[in-house]
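The paragraphs after it go through a few places in turn.

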Amino acid sequence: MTNRWAAWLTRNGTESFHLARKEGWDAFVNAAARDPLERLDRRQLAALTAEEREDYDEARMVWNANLPTVRTPQMIDAYSVFEQVMASSRRDGHRQRGSVVFDAEAGRGKTTTVTRFARDLHRRIYRREGPVTAEGHQRLPVAFIPLSAGMTLKGLNQKILEFYGHPAATRSSTTTSLGALAVDCVLSCQTRLIVVDDLHFIDFRHRTASRCRTTSSGWPTRCP
């Protein structure tokens, strides 16, 4: 018979969310919170069998590695700024929209703060408008685009298409055509927020990289 700690691990084990793909982001957005893990005292630990103790220790490691996010005063302040800027997304399409650059030292919780805000926004829009657009497309209120070193504008467009699962992401297309396809994905899925993680990785020395500033204007962005 499976002991309760093994059962807890089955329900609450490590999740391999790949946020750079829509399937992974959607799974992250819709994942339920982990069940609380009971903390045993020394007497209770001594009463466990060898297998129960092994499973309990593993469950404790999973729990400690994924502690619930605490909304600190700093996170609340960041949320307030994000909400103010996101207010521009309620403007009609011909009006300019705002963006955010979120900066801090390494290890200060930038990605945690931004992804939690984006997840909350995604859930709110799903609740109000549903998972499918009026045209029958999958609704993706948020797109999460992580970058790597030496990224060009063409590479950025490919990363966006990879998130949406567009087959052109792996084709040798021009920057302009990739950009047009990326815009089509954003419009078809009615994306309200695009999070660009590690924007500083874009190589602005590249002859086309400077265009990234104008192309991404109006997209709420974040860089470390």
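Start with Thr175, which touches Leu153, Lys154 and Asn157, leaving aside residues up to four places away in sequence. This is a predicted model. Thr175 lies in helix 8, which covers residues 175–188. Is Thr175 buried or exposed? Its relative accessibility is 16%, and because buried means under 20%, Thr175 counts as buried.

Helix 6 can be described in more detail. It runs over residues 110–129, which is 20 residues; at 1.5 Å a residue it should span 28 Å, and its end C-alpha atoms are 28 Å apart, so the two values agree. Just after helix 6, Gly130 takes a positive phi of about 85°.

Which residues of helix 6 are buried? They are Lys110, Thr113, Val114, Thr115, Phe117, Ala118, Arg119, Asp120, Leu121, His122, Ile125 and Tyr126. When reading such a list, recall that an α-helix has 3.6 residues a turn, so residues three or four places apart point the same way.

Two packed helices are described by the angle between their axes and the distance between the axes. The axes of helix 5 and helix 6 come within 10 Å and cross at roughly 50°. That angle makes helix 5 oblique to helix 6. The crossing is right-handed. On the helix 5 side, the contact is made by Met75, Ala78, Tyr79, Phe82, Glu83 and Met86. Helix 6 contributes Thr112, Thr113, Val114, Arg116, Phe117, Asp120, Leu121 and Arg124. Sorted by class, this contact has eight nonpolar, two polar and four charged residues.

What is the hand of the crossing of helix 1 and helix 4? It is left-handed. Helix 1 makes the contact through Trp5, Ala6, Trp8, Leu9 and Asn12, and helix 4 through Glu52, Asp55, Tyr56, Glu58, Ala59, Val62 and Trp63. By class, the contact of helix 1 with helix 4 has eight nonpolar residues, one polar residue and three charged residues.

Key:
Residues numbered from 1 in each chain as written. Predicted model: local features only at pLDDT ≥ 70, side-chain atom pairs only at ≥ 80, totals over all residues. Heavy atoms only, no water. Helix = DSSP H or I, 4+ residues; strand = E, 2+ residues; numbered from the N terminus. Expected span 1.5 Å × (residues − 1). Buried < 20%, exposed > 50% of the residue type's maximum accessible area, 1.4 Å probe, protein only. Contact = heavy atoms within 4.5 Å. Axes fitted to C-alpha atoms, helices over the stretch in contact; angles between N-to-C directions. Parallel < 35°, antiparallel > 145°, perpendicular 65-115°, else oblique. Left-handed = near helix turned anticlockwise from the far one by under 90°. Nonpolar A, V, L, I, M, F, W, Y, C, P; charged D, E, K, R; others polar.
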